[in-house]
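Me: Hey, I've got a protein open on my screen. Can you walk me through it?

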Amino acid sequence: LGLTPKDDAYAAAYDQYDAEAKKYKACRASYHSQLWGGHQRFFRSLITGFKVPKLVELARTALKEGKCVVVGLQSTGEAHAKRA
């Protein structure tokens, strides 16, 4: 079977569509990854924020009792902020 110009045009259109579909799939995966990452960061910050008032209360009580207070944070997000 010989290819006609119509077949060549179809093949070219299909190749272009295929390339665009691959780009879309990669962009979509990146979008979902970024969306989920933002979701996790938001709720991690929210939960940390909920803990702050109790932390301050306990720290003030300990300081009044003459104790030293050390607050440790598991993650400050600084490394991620520098990458962005």
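Predicted model: local features only at pLDDT ≥ 70, side-chain atom pairs only at ≥ 80, totals over all residues.

Me: Which residues make the nonpolar surface patch?
Reply: That's F42, F43, L46, I47 and F50, which together make a patch of about 500 Å². I47, for one, sits in helix α1 and is partly exposed, at a relative accessible area of 45%.

Me: What about aromatic pairs, how many does the structure hold?
Reply: It holds one aromatic pair. The partners are F42 and F43, edge-to-face, 4.9 Å centre to centre with 80 degrees between the planes.

Me: Why does that pair count as edge-to-face?
Reply: Because planes over 60 degrees apart count as edge-to-face, and here the angle is 80 degrees.

Me: Are F42 and F43 buried or exposed, or in between?
Reply: In between: F42 is partly exposed with a relative accessible area of 48%, and F43 is partly exposed with 38%.

Me: Switching topic, how many disulfides are there?
Reply: The count comes to zero. As for cysteines, C27 counts as exposed at 53% relative accessibility, and C68 counts as exposed at 77%.

Me: How many salt bridges, then?
Reply: Four salt bridges. In one of them, the side chains of D18 and K22 meet at 3.4 Å, N to O.

Me: Where do D18 and K22 sit in helix α1 relative to each other?
Reply: They're four residues apart in helix α1, so about one helical turn separates them. D18 is partly exposed, with a relative accessible area of 27%, while K22 counts as exposed at 56%.

Me: Which side chain does K23 meet in a salt bridge?
Reply: K23 meets E20, at 3.2 Å, N to O. Those two are three residues apart in helix α1, so again about one helical turn. K23 counts as partly exposed at 48% relative accessibility, and E20 is partly exposed at 41%.

Me: And what does K54 pair with?
Reply: K54 and E57 meet in a salt bridge at 3.4 Å, N to O. Both lie in helix α1, three residues apart, about one turn of the helix. K54 counts as partly exposed at 45% relative accessibility, and E57 counts as partly exposed at 44%.

Methods. Residues numbered from 1 in each chain as written. Heavy atoms only, no water. Phe/Tyr/Trp six-rings, centres within 6.5 Å; stacked < 30°, edge-to-face > 60°. Buried < 20%, exposed > 50% of the residue type's maximum accessible area, 1.4 Å probe, protein only. Disulfide = S-S within 2.5 Å. Patch = residues over 30% accessible without salt bridge, like charges linked within 9 Å, V, L, I, M, F, W, Y side chains within 5 Å. Areas by Shrake-Rupley, 256 points an atom, 1.4 Å probe, with all protein chains shown as cover.
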